[in-house]
Amino acid sequence: MGKIYKSNGEVQEIEPKNGKHFTLAELQEIVGGYFEPIYLPKGMVLAVNEEGLLKELPFNEKASNMTMKLIVGDVLLCSNKQLN
């Protein structure tokens with residue numbers, strides 16, 4: 001199970017469609033384009049839009065607080081094992 005942290009502050013749980021791993025297509029749909037992983041402690045990863053700043057996506061306060069970096073757009077938080 002992963003969590004989508006939307007830039008509007010909304011958080012929703014999400015399960016990979018195949019029950020195990022998020023596919024590239026799923027990740028790109030969630031973040032709205034090419035994704036870049038940001039590895040976090042305890043085997044977690046935050047998938048963010050690689051071009052989010054260039055596209056001027058809205059600030060994501062919750063995701064930024066997790067990483068102490070400027071994060072924009074919708075992101076997916078999941079375990080490393082769930083990335084395909």
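**Close-up views of a predicted model**

**View 1. The exposed face of helix α1.** Leu24, Ala25 and Glu29 are exposed residues on the face of α1 turned away from its buried side. Buried stands for under 20% relative accessible area, exposed for over 50%, and partly exposed for what lies in between (1.4 Å probe, protein chains only). Helices (H or I, at least four residues) and strands (E, at least two) are DSSP runs, numbered from the N terminus. This is a predicted model, in which local features need pLDDT of at least 70 and side-chain atom pairs count only at pLDDT 80 or more, while totals for chains, interfaces and linings use all residues. Residues are numbered from 1 along each chain as its sequence is written, and side-chain values use heavy atoms, with hydrogens and water left out.

**View 2. The buried face of helix α1.** Glu26, Leu27, Ile30 and Val31 are the buried residues of α1. They fall within an arc of 115 degrees when seen down the axis of α1, so they line one face of the helix. The arc is taken from the directions that run from the helix axis to the C-beta atoms. An α-helix has 3.6 residues a turn, so residues three or four places apart point the same way. The buried residues of α1 pack against β1 (2–5), β2 (11–14), β3 (35–40), β4 and β5. Just after α1 comes glycine 32, with a positive phi of about 80 degrees.

**View 3. The largest nonpolar core.** This core has 10 residues: Ile4, Phe22, Leu27, Ile30, Val31, Val45, Ala47, Leu76, Cys78 and Leu83. At least two of its residues come from each of α1 (24–31), β4 (44–49) and β5 (75–79). α1 gives the most, with 3 residues. Apart from this core lies another, of 9 residues, including Tyr5, Leu46, Ile71 and Leu77. A nonpolar core here is a set of buried Ala, Val, Leu, Ile, Met, Phe, Trp, Tyr and Cys residues joined through side-chain atoms within 4.5 Å. In soluble globular proteins, nonpolar side chains tend to be buried together.

**View 4. The surroundings of alanine 47.** Neighbours within four places in sequence are set aside in this view. Alanine 47 is then in contact (heavy atoms within 4.5 Å) with Leu27, Val31, Phe35, Glu36, Val75 and Leu76.

**View 5. The open sheet.** Its 5 strands stand in the order β2-β1-β5-β4-β3, with antiparallel pairing. Two strands pair if DSSP finds at least two bridges between them. β2 and β3 are the edge strands, each pairing on one side only. From one strand to the next, the twist averages 25 degrees. For this angle, axes are lines fitted to C-alpha atoms (for helices, over the stretch in contact), and angles run from 0 to 180 degrees between N-to-C directions.

**View 6. Strand β5 and its partners.** Of the 5 residues in β5, 4 are buried. β1 and β5 pair antiparallel over 3 bridges. Here isoleucine 4 stands opposite leucine 76. β4 and β5 are also antiparallel, over 4 bridges. Across this pair, valine 45 faces cysteine 78, and methionine 44 faces serine 79.

**View 7. The β3–β4 hairpin.** 3 residues lie between the two strands of this hairpin. Lysine 42, in the turn, has a positive phi of about 60 degrees. β3 and β4 run antiparallel and are joined by 6 bridges. Isoleucine 38 stands opposite leucine 46 in β4. β4 is mostly covered, with 5 of its 6 residues buried.

**View 8. A buried glutamine.** Glutamine 82 lies in the segment after β5. Its relative accessible area is 9%, so glutamine 82 counts as buried. Leaving aside neighbours within four places in sequence, glutamine 82 is in contact with Met1, Gly2, Pro16, Lys20, His21 and Phe22.

**View 9. The salt bridge.** The count comes to 1 salt bridge. The rule asks for a side-chain nitrogen of Lys or Arg within 4 Å of a carboxyl oxygen of Asp or Glu. Glutamate 51 and lysine 55 are the partners, at 4.0 Å from N to O. Glutamate 51 is partly exposed, with a relative accessible area of 28%. Lysine 55 is partly exposed too, at 41%.
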